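This briefing is for a reader who is meeting the structure below for the first time.

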Amino acid sequence: QAGEIRNDPVRLRQMLATEAAIHDIPEAIVFQRDGTILARAGLTFSMEFDLLRDIPANLDRAAQGEVVVLTKDDDERVRALIRLDRWVDTYLYVGRLVDAQVLVHAGQTRSAVAEYQRLEDERSRIQITFVLIYIVVALLLLLAAVWVGLGFASRLINPVSTLIRAAEKVRGGDLGARVPEGPADDELASLGRAFNRMTSQLESQRSELMEANQQLNTRRRFTEAVLSGVSSGVIGLDTDGNINLPNRSAIQLLNVSADSLIGEPFSQAVPEMAPLLAEARERPGRKAQAQVNMVRGARPHVLMVRVTADRKDDAITGFVVTFDDVTELVAAQRSAAWSDIA
């Protein structure tokens with residue numbers, strides 16, 4: 001039936017006029033893509049002029065099923081173009097007068113839509129800018145926090161590092177090392193002051209020890225010089241009976257080396273004199289004395305031995321062993337005795 005109407009121009013004009021009257025459309029044209037007009041309704045002179053001027057540029061949009069609305073700013077008419085689905089390459093072009101106020105509102109609406117689209121695009125750009133600014137501010141805050149943290153850590157680490165370096169100097173023997181002292185209410189400053197007091201005490205004690213050691217060395221050299229000029233053998237013992245100071249005469253009389261005597265127990269180095277050392281230990285207030293016969297270097301010797309305990313506040317601090325070689329004297333006494341008997 002649609003094909004029959006399309007091929008019957010009279011029926012097509014009647015139907016178009018009826019539909020235009022029903023929908024209050026003053027202008028309507030049915031035409032083909034090549035520009036052939038199949039039917040018209042109403043006053044369509046200006047529309048026929050638009051078919052040659054404006055329609056060809058919008059046919060492709062209408063051919064895809066889109067309703068193409070055409071308006072002009074200087075015209076109070078609104079026209080529309082649509083493709084008729086049941087007919088091949090056939091289009092309906094209608095027009096209608098519209099109140100000028102409606103056109104104004106339509107223009108304002110289009111402006112508002114355009115402004116909305118612009119603001120929407122601007123919002124996206126502002127959001128991106130805000131995100132970038134937020135990231136930059138966050139990075140700046142992070143860098144500031146790191147910088148403040150490093151500064152605070154440096155304030156804590158520097159005194160500790162200084163203290164460590166000073167302790168290394170002290171370990172190396174430099175007791176004059178000192179660290180800066182901070183405020184009185186600072187814990188690290190208190191630690192630094194304690195360290196300085198400690199190093200000061202160590203330095204003074206080391207000076208005192210060095211001075212005392214020097215005095216002891218001086219006394220020891222003086223004692224050795226005195227004992228080296230004594231013909232009697234002298235041996236100094238500690239509280240445990242270990243030899244710590246033999247003189248030259250004692251080394252010669254015992255026929256041993258100094259290295260073999262120093263540090264050795266007296267009872268093992270000279271077992272012949274051990275009973276006298278035991279007697280002096282049991283009775284420290286009395287001197288133990290006796291003649292001791294010894295054989296050194298395949299020669300017999302008679303020694304007059306004396307062992308004296310060195311006491312301080314009734315406590316034994318050491319022993320002194322002195323002995324003389326009386327071998328010739330005993331031999332002379334024996335000769336004299338035999339002479340008297342003879």
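Helix α2, residues 9–22, is 14 residues long and spans 20 Å from its first C-alpha to its last, close to the 20 Å expected at 1.5 Å a residue. The model is predicted. The chain has eleven helices and ten strands, and buried residues account for 25% of its 342 residues. Among contacts in the chain between residues at least 6 apart in sequence, 41% join residues at least 24 apart.

**Helix α2**

- Leu12, Leu16 and Ala20 are the buried residues of α2.
- Viewed down the axis of α2, these buried residues fall within an arc of 65°, so they line one face of the helix.
- An α-helix has 3.6 residues a turn, so residues three or four places apart point the same way.
- Ala21 and Ile22 are exposed, and they sit on the face of α2 that is turned away from its buried side.
- Just after α2, Asp24 has a positive phi of about 55°.

**Thr199 in helix α6**

- Thr199 belongs to helix α6, which covers residues 187–228.
- Thr199 is buried, and its relative accessible area is 0%.
- A polar atom of the Thr199 side chain lies 2.8 Å from the backbone oxygen of Asn196.
- With neighbours within four places in sequence left aside, Thr199 is in contact with Val170, Leu175, Ala177 and Arg178.

**The largest nonpolar core**

- The largest nonpolar core has 23 residues.
- The residues with the most contacts inside this core are Ile235, Phe266, Met273, Val305, Val321 and Phe323.
- At least two residues of the core come from each of β6 (233–237), α7 (248–254), α10 (274–282), β8 (288–296), β9 (299–312) and β10 (315–325).
- Strand β9 gives the most to the core, with four residues.
- Not counting residues up to four places away in sequence, Phe323 touches Ser232, Gly233, Ile235, Ala250, Leu253, Leu254, Met273, Leu303, Met304 and Val305.

**Helix α10**

- The residues Leu276, Leu277 and Ala280 of α10 are buried.
- Seen down the axis of α10, its buried residues fall within an arc of 100°, so one face of the helix is lined by them.
- These buried residues pack against β6, α9 (266–269), β8, β9 and β10.
- On the face of α10 turned away from its buried side are the exposed residues Pro275 and Glu282.

- The salt bridges in the model come to seven.
- One of them joins the side chains of Glu120 and Arg123, at 2.5 Å from N to O.
- Glu120 and Arg123 are three residues apart in helix α5 (residues 100–171), which means about one helical turn separates them.
- Glu120 is partly exposed at 24% relative accessibility, and Arg123 is partly exposed with a relative accessible area of 44%.
- Another salt bridge joins the side chains of Glu168 and Arg171, at 2.8 Å from N to O.
- Glu168 and Arg171 are also three residues apart in helix α5, with about one helical turn between them.
- Glu168 counts as partly exposed at 43% relative accessibility, whereas Arg171 counts as exposed at 68%.

**A salt bridge between strands**

- Asp324 forms a salt bridge with Arg306, and their closest N and O atoms are 3.4 Å apart.
- Asp324 lies in strand β10 and Arg306 in strand β9, so the pair ties together parts that are 18 residues apart in sequence.
- Asp324 is partly exposed, with a relative accessible area of 22%.
- Arg306 is partly exposed as well, with a relative accessible area of 25%.

Definitions and conventions. Residues are numbered from 1 along each chain as its sequence is written. This is a predicted model: local features need pLDDT of at least 70, side-chain atom pairs count only at pLDDT 80 or more; totals for chains, interfaces and linings use all residues. Side-chain values use heavy atoms; hydrogens and water are left out. The expected span of a helix is 1.5 Å times one less than its number of residues. Buried means under 20% relative accessible area, exposed over 50%, partly exposed in between (1.4 Å probe, protein chains only). The arc is that of the directions from the helix axis to the C-beta atoms. A polar contact is a pair of N or O atoms within 3.5 Å; within protein, one must be able to donate a hydrogen and the other to accept it, and residues adjacent in sequence count only if both atoms are side-chain atoms. Contact means heavy atoms within 4.5 Å. A nonpolar core is a set of buried Ala, Val, Leu, Ile, Met, Phe, Trp, Tyr and Cys residues joined through side-chain atoms within 4.5 Å. A salt bridge is a side-chain nitrogen of Lys or Arg within 4 Å of a carboxyl oxygen of Asp or Glu.
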